[in-house]
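Please open the model in your viewer and keep the sequence at hand.

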Protein chains: 2
Amino acid sequence: MVETTRIVLASRPEGAPTAANFRTETAELPPLDEGQVLLRTLYLSLDPYMRGRMSTAESYAKPVEIGAVMVGGTVAEVVDSRAPGFAKGDVVLGYSGWQTHDVADASYLRKLDPGTAPVSTALGVLGMPGFTAYSGLLKIGQPKAGETVVVAAATGPVGSAVGQIAKVKGARAVGIAGGPKKCAYLIDEFGFDAAIDHRAPDFAEQLKAAVPDGIDVYFENVSGPVAEAVYPLLNTYARVPVCGLIANYNSAGAADGPDQLPAFYGRILIKSLTIRGFIQTEFVRELYPDFLRDMAGWIADGSVNYLEDVTEGLDNAPDAFFGMLEGRNFGKVVVKVAD
Amino acid sequence: MVETTRIVLASRPEGAPTAANFRTETAELPPLDEGQVLLRTLYLSLDPYMRGRMSTAESYAKPVEIGAVMVGGTVAEVVDSRAPGFAKGDVVLGYSGWQTHDVADASYLRKLDPGTAPVSTALGVLGMPGFTAYSGLLKIGQPKAGETVVVAAATGPVGSAVGQIAKVKGARAVGIAGGPKKCAYLIDEFGFDAAIDHRAPDFAEQLKAAVPDGIDVYFENVSGPVAEAVYPLLNTYARVPVCGLIANYNSAGAADGPDQLPAFYGRILIKSLTIRGFIQTEFVRELYPDFLRDMAGWIADGSVNYLEDVTEGLDNAPDAFFGMLEGRNFGKVVVKVAD
């Protein structure tokens, strides 16, 4: 018998989640059926969407049930296999969630080639966040050479890929991030044309000065005050792919007035804006092979860099998760669960 | 010398416009230059966008200046011509605004064939409102056979065309209008599948019952409480062409809370919605010939009907305009200026 240590959802948060919403427990895993593999988690991905799964509010996916293991993408090593094509020692991308071991159907797994890039990148730049950036920017944002693309949380795995893909396409990339260290990194390592600190008192003025030709694509992954500063700068026919609203994730109930919706709606009309929500799964069938080919190529030729924020040990996953929701991470948040 | 009687903008409205915002005056027209024609207005179009032109609030077009003639599309007869291809007696579509006569450059005019349809339809179903419906529905809404299309102000020139074109494309058309008379007309004359009275106390419940498969396209031309009832019923991947926001046109300043924007934005994400503002001029070059061919064909074969609300006399244009903004019109509002 193999035991897994796992973090389950103990209760649903009201507002920001806390340690009390999680509980660590151990459980015995069942024996392998035909077509299954036993996995030992190496890396667990932490992502903003997980906040949504903790709540029962209407969403695009079902919430995690109370007592169930928290969901999450994982990179794992095959420890035992009854599935053809999967052997002990293989490294795979899976979806085991916040736990150390798992019995998984092999049909849900994708074998990774450790020669292409460090396997943890399958959770970031070469995985779901990178594909979110790639599909949302290219299918919805459609940046043209010379246009201006703005993205927030820009040192994060989605934002950094958005800005760098925009540069590949000949557009100007303006990143928004929290604090001077992140802003410097945007310019020096990710090659953004401008970086604005959203904590600056004159943030809105700085942003305006950084986009002399206005904004053609705003890749929306935060909403809130950043979006309020961006919207007045959008050009006619600007596109806004909406992939996340991290500023809203922890809000409970109705927001205080005044009601900004009529003015927002009016701007959509006046500027002929396109606002388009999306979940990357919509584009997997159409674009995933292109993404893997393009992104691996851009990493290889230096067009795209990536940054990981690695936390050691599954026990520290909740704290790393809270930090990410508050923007305290610096790069893609992964938990190193085992060597 | 020819004199024109014209209605000019006397002052800018605060909230709903009143008679005091207009002034009637007469003016002598200049002699014709080469390439110009003298026009006698037959019909003046009244449209919701004109409310926007009365104000200095940011818009997609410049406001009418104080003392200038109110803008508007017109059908006119050529009285005198110094332009090749235009002869006395020709009937043309032009943009003379709220006046009885005009000297116009022929390059801005389009000759009408009175044999195709009554010439007043060049201001409605075969003109700007019809093209707004055609281009917004087909380019942005993209209704598929079996899908459900909802439109408000549905007996108006845009809404009635939206519903009927949706039917041509095999979709289900649900119209929203004010009062039982308009609702009956939607079913009996325009062939909508369902019609809902937005004045009914249980409007939202009636709408929900009328769209058992949800809503795939919401053609937005009113906003306000109608939109509030529609949004929760939108399906994943629904499309919302936004061509007008008549409920907001008269509002001055910030709206009372609570702030509905965060919830609205969340819905865009959860349902992968496409919200797209547009002005029909964007699509003229690409689609206008197709529109004229298709719409004339649909009128001829009975697929598309139209309804005009004709007011006699330029003096009555302001009252007809106020009525339209309040939804008291029944069909496309045109002013018959002369026989």
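In this predicted model, begin by selecting D216(A), a buried residue that has no salt bridge. Display R239(A) as well: this is the nearest side chain of opposite charge, and it is 5.1 Å away, whereas a salt bridge requires a distance within 4 Å.

Next, colour strand β11 of chain A, which spans residues 215–219 and contains D216(A).

Which polar partner does the side chain of D216(A) have in another side chain? Select N235(A); a polar contact of 2.9 Å joins the two side chains. Then show the backbone of T148(A), whose nitrogen lies 2.9 Å from a polar atom of the D216(A) side chain. To complete this stop, display the residues that D216(A) touches, leaving aside those up to four places away in sequence: E147(A), T148(A), N235(A), A238(A) and R239(A).

Now move to the largest nonpolar core, which has 64 residues. Select Y218(A), I275(A), Y218(B) and I275(B), the members that touch the most others in this core. In soluble globular proteins, nonpolar side chains tend to be buried together.

Centre the view on I275(A). Among its contacts beyond four places in sequence are Y231(A), V240(A), V242(A), F264(A) and I268(A) from chain A. From chain B, I275(A) touches Y265(B), I268(B), L273(B), T274(B) and I275(B).

Finally, superpose chain B on chain A: a turn of 180° with a shift of 0.0 Å along the axis gives an RMSD of 0.0 Å. The two copies are therefore related as by a two-fold rotation axis. The same surface serves both copies, with 100% of the contact residues of chain B recurring in chain A.

Technical notes. Residues are numbered from 1 along each chain as its sequence is written. Chains are lettered from A and ligands numbered from 1 in the order in which they are written. This is a predicted model: local features need pLDDT of at least 70, side-chain atom pairs count only at pLDDT 80 or more; totals for chains, interfaces and linings use all residues. Side-chain values use heavy atoms; hydrogens and water are left out. Helices (H or I, at least four residues) and strands (E, at least two) are DSSP runs, numbered from the N terminus. Buried means under 20% relative accessible area, exposed over 50%, partly exposed in between (1.4 Å probe, protein chains only). Lys and Arg count as positive and Asp and Glu as negative; His and the chain ends are not counted. A polar contact is a pair of N or O atoms within 3.5 Å; within protein, one must be able to donate a hydrogen and the other to accept it, and residues adjacent in sequence count only if both atoms are side-chain atoms. Contact means heavy atoms within 4.5 Å. A nonpolar core is a set of buried Ala, Val, Leu, Ile, Met, Phe, Trp, Tyr and Cys residues joined through side-chain atoms within 4.5 Å. Copies are superposed by least squares on the C-alpha atoms of residues with pLDDT of at least 70 in both.
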